[in-house]
Amino acid sequence: MFVLKVDKHLTLQTLKPQDANQFHRLAVKNLPRLFWWHDIHLTEAFIKGLLSRVADKSWRYHTIWLGGVYFNRQLVGSVSLNTINWQQRVATLGYWLDIDFTGQGIIHRCADKLVQYCFSQLKLRTIEIHCHAGNTASIAVAKRLGFEIKQKLRQAGVVDGKVVDIYVFRKRAID
């Protein structure tokens, strides 16, 4: 199992099927804030199945990596690679945090650590963040991480039944 120590209080680690119940409760609690998840039939069985499919693979076989954010050993959110294209050396980063833990820089520190790891150890060349134009918290995190808006996809997403624009942020490894 992959574990990345962020600081003395924070770790990122691969979510496992046995984390499904805790992850499900946390996701349901925060569902109003998880814009992309509104259209998913979010059940514990769905989450367990998803975690089972990706948890036991080594990095080189992943096309997705689901990471749990642990604050003092408590699961409080997720920083994940929602897609990994090994041929192009590109990944898409996603993140969310329990409402009770926001405003402490947790997502920033965890995402920054994972981005550094992706560039230095996995030798990825580009990482993207996709978020809808009204998600000010996600946009702020992307900018603090040094990502730049590279594209605005007009009417490319749906949130709460409304068509929304999607920003594509991008950061490249330093050559």
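This is a predicted model: local features need pLDDT of at least 70, side-chain atom pairs count only at pLDDT 80 or more; totals for chains, interfaces and linings use all residues.
User: How many bridges join strand β7 to β8?

Analyst: Two strands pair if DSSP finds at least two bridges between them. Q151 stands opposite V168 in β8, and β7 and β8 run antiparallel. The number of bridges joining β7 to β8 is eight.

User: Which residue takes a positive phi in the hairpin of β7 and β8?

Analyst: The hairpin has two residues between the strands. The positive phi is near 50°, and the residue that takes it is D160.

User: Which residue in β8 is the bridge partner of T126?

Analyst: Strand β6 (residues 126-132) pairs with strand β8 (residues 162-172). The pairing is antiparallel and runs over seven bridges. In β8, the partner of T126 is R172.

User: In what order do the elements of the protein run from the N terminus?

Analyst: The secondary structure holds four helices and eight strands, where helices are DSSP runs of H or I of at least four residues. From the N terminus on, the order is β-β-α-α-β-β-β-α-β-α-β-β.

User: What is the radius of gyration of the protein?

Analyst: The radius is taken over C-alpha atoms, and the globule rule is 2.2 Å times the number of residues to the power 0.38. For 175 residues the rule gives 16 Å, and the protein's value is close to this, so the protein is as compact as a globular protein of that length. The radius of gyration is 15 Å.

User: What percentage of the residues in the protein are buried?

Analyst: Buried means under 20% relative accessible area, with a 1.4 Å probe and protein chains only. Of the 175 residues, the buried share is 47%.

Definitions and conventions
Residues are numbered from 1 along each chain as its sequence is written. Side-chain values use heavy atoms; hydrogens and water are left out. Buried means under 20% relative accessible area, exposed over 50%, partly exposed in between (1.4 Å probe, protein chains only).
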